[in-house]
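Please read them with the structure open.

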Amino acid sequence: MSTIEKQLDRQKHIRNFSIVAHIDHGKSTLADRILELTHTVAERKMKAQILDDMPLERERGITIKMNSVEVHYDGKDGQHYIFHLIDTPGHVDFSYEVSRALAAADGALLVVDASQGVQAQTLANVYLALDNNLEILPVINKVDLPSADPAGTKAEIEDDIGIDTSDAAEVSAKTGLGVADLLEKIVRVIPAPTGDLTAPLQALIFDSKYDPYRGVVLSIRLKEGQVHLGDRIRLMNSNMDYEVTELGVFSPDARPFDELIAGDVGYLTASIKDIHSARSGDTVTSAEHPAEKPLRGYRPMTPMVYAGIYPTDNAKYNDLKDALDKLSLNDASLAYEPETSTALGFGFRVGFLGLLHMDVVQERLEREFDLEIVITAPTVTYHVVKTDGSQESIANPSEIPDASSIKEIQEPFVDATIMVPEEYVGAVMELSQAKRGIFQTMDYLDKSRVNVKYKMPLSEIIFDFFDKLKSSTKGYASLDYTVAGYVASELKKIDILLNGDKVDALSFISHKDFAENRARVVTGKLKEVIPRQNFEIPIQAAIGSKIIARTNIKAYRKDVTAKIHTGDPDRRAKLLDKQRAGKARMKSVGRVEIPQEAFMAILKNGDDEQYNKGLS
Ligand SMILES: Nc1nc2c(ncn2[C@@H]2O[C@H](COP(=O)(O)OP(=O)(O)OP(=O)(O)O)[C@@H](O)[C@H]2O)c(=O)[nH]1
């Protein structure tokens, strides 16, 4: 066979697919079984959820990053197949990962838990897959569970989604039952990639990460042409040329090759040190024979919430900037720009897709970049219409102008879809109403499940709505939402004064009906979390010049070593160290030391009844 014939033969045997599902329906476990059955990972190296290789993913048991891996499979037809499998996260906060993964695939395994059926993110992921013209293969999972209802689940997939289930696989990703049949179905149902092997190179960058030795490592899906070690390549949007230094696939560790061809999903390095020139969504082409135009990239993501991130030590500002630059390579949904705070100094206003995303970014900055940071309470973006007719978008409550110059403040509303068994509809409605939701429609999906739609303020939904929804429906409700637009609301800016000084980073926005109670809860929380100092600290909450809540932190001097009479120097040193470490994430504002928890006080509305009181 000539080289091109060999390449064509290889292309014909490639199957590129993503695994998508609602959270916890078993994607990563299914990926494990596929890797095991195909002997991709040596038995002694196999561990549960092997593709979730980030420590944070393993600790929390969730997928945060997509992962692509090459798998070899000998089909029953005697042919050798190459699967490029891309595992994706399930949580809404990481949906940008899913959409990028899907652009690299030709098909999607839609995993649905047979004991839970179709859930809100099942639908959201199907729409993403259909947007990318992918062939969808339904996989009914967890058939080993006594409560599994594979037939009912198939009926839901047909009725709610409109996808034919005659090819659907029934599996238990846990026991491995049915997975061998699934591999055969993948060969049959997922189409082989197309793409002209002799056309100019066009490869989509769908992910990237920074490696201190190799520079930027690009994850690519070749759509047209081919690329070889040593080729001169061009990043089309940033218009930069490089020489390919390494090529290959993840399997799941990096395995270098000499070439990648149209249809392959792999990685490429080219000593790219300039982080800004290698972004997801760009197209790699040949510098000698460039393609005429780049591939369709990705729509940039609009952050849902913003928070300030500041180094606890002001001298570390540049380290934080560098860390955000590098992290944003691997987290394409991260948006940030510099900001300053009177209380906290120089930092960044960072945009996130949700609170879990914010949490993950905070942890990654601290762990992967060894930084100590303070993060302020998250907020949505408000539109402020001024009396002179001008309008501003504001994602930092402290920047809301003086009330006298404001005509109205508008806040983002979402269309929320909640899927829930009938018996919990009452609880869902009560909760939605308490969060300022406006009822839209209610439809029966089947005999016992209901789809309830509400318009709701994003700010209410983002903070604790989901947790509350889960607890009031014993975990049965699932939620999906899309931003619907801006609506004028009666919103007030509440300032917090510590020791008489306004702390800009603690200002927050609240609906007027909630304002006084929230102010009381927040001042109370601050009193709990700010350590006593050797002078009394008044805490006040104010709307403009009107104080709406106040409390005091009494003076006290904590001497942790006072208890140690015998003066064991080791023990004394240890205690002092502990006290110092406890202070690590404190920020001195004026004479008051404020710990990290204080900035989150407005989220910690433990006393919810109190917090939501005032609502009619
Ligand atoms: N009984 C049973 N449990 C399963 C099966 N497949 C997965 N699980 C369990 O379901 C839970 C979720 O599985 P994961 O594979 O982490 O789910 P996921 O969809 O990858 O989760 P995210 O990536 O975080 O959305 C784990 O506790 C698995 O052990 C199955 O076939 N049967």
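**Notes on the ligand shell, the core and a helix pair**

1. Ligand shell, by class. The shell around the ligand holds 10 polar, six nonpolar and five charged residues. Keep in mind that this is a predicted model.

2. Ligand shell, by position. The ligand is surrounded by 21 residues. Gly26, Ser28, Thr29, Thr63 and Gly90 are the closest. Which helix gives the most to this shell? Helix 2, residues 27-37, does, with three residues.

3. Nonpolar core. The largest nonpolar core counts 161 residues. Inside it, Ala108, Leu110 and Val139 have the most contacts. Strand 23, residues 406-421, gives the most to this core, with seven residues. In soluble globular proteins, nonpolar side chains tend to be buried together.

4. Ala108 in detail. What does Ala108 touch, leaving aside residues up to four places away in sequence? Its partners are Phe17, Ser18, Val20, Leu102, Ala129, Leu134 and Ile136.

5. Helix 4 against helix 5. Helix 4 spans residues 95-103 and helix 5 spans residues 120-131. Their axes come within 9 Å and cross at roughly 35°. The crossing is right-handed. Helix 4 makes the contact through Ser95, Val98, Ser99 and Leu102. Helix 5 contributes Ala124, Asn125, Leu128 and Ala129. By class, the residues of this contact are five nonpolar, three polar and no charged.

6. Linking the last points. Leu102 and Ala129 are among the residues that Ala108 touches. Leu102 of helix 4 and Ala129 of helix 5 also take part in the contact between these helices.

Definitions and conventions: Residues are numbered from 1 along each chain as its sequence is written. This is a predicted model: local features need pLDDT of at least 70, side-chain atom pairs count only at pLDDT 80 or more; totals for chains, interfaces and linings use all residues. Axes are lines fitted to C-alpha atoms, for helices over the stretch in contact, and angles run from 0 to 180 degrees between N-to-C directions. Helices (H or I, at least four residues) and strands (E, at least two) are DSSP runs, numbered from the N terminus. A crossing is left-handed if the near helix is turned anticlockwise from the far one by less than a right angle, and right-handed if clockwise. Two residues are in contact if their C-beta atoms, placed from the backbone, lie within 7 Å. Ala, Val, Leu, Ile, Met, Phe, Trp, Tyr, Cys and Pro count as nonpolar, Asp, Glu, Lys and Arg as charged, and the others, Gly among them, as polar. A residue is near a molecule or strand if its C-beta atom, placed from the backbone, lies within 6 Å of it. A nonpolar core is a set of buried Ala, Val, Leu, Ile, Met, Phe, Trp, Tyr and Cys residues joined through C-beta atoms within 7 Å. A residue is buried if 20 or more other C-beta atoms lie within 10 Å of its own, exposed if 12 or fewer, and partly exposed in between; C-beta atoms are placed from the backbone.
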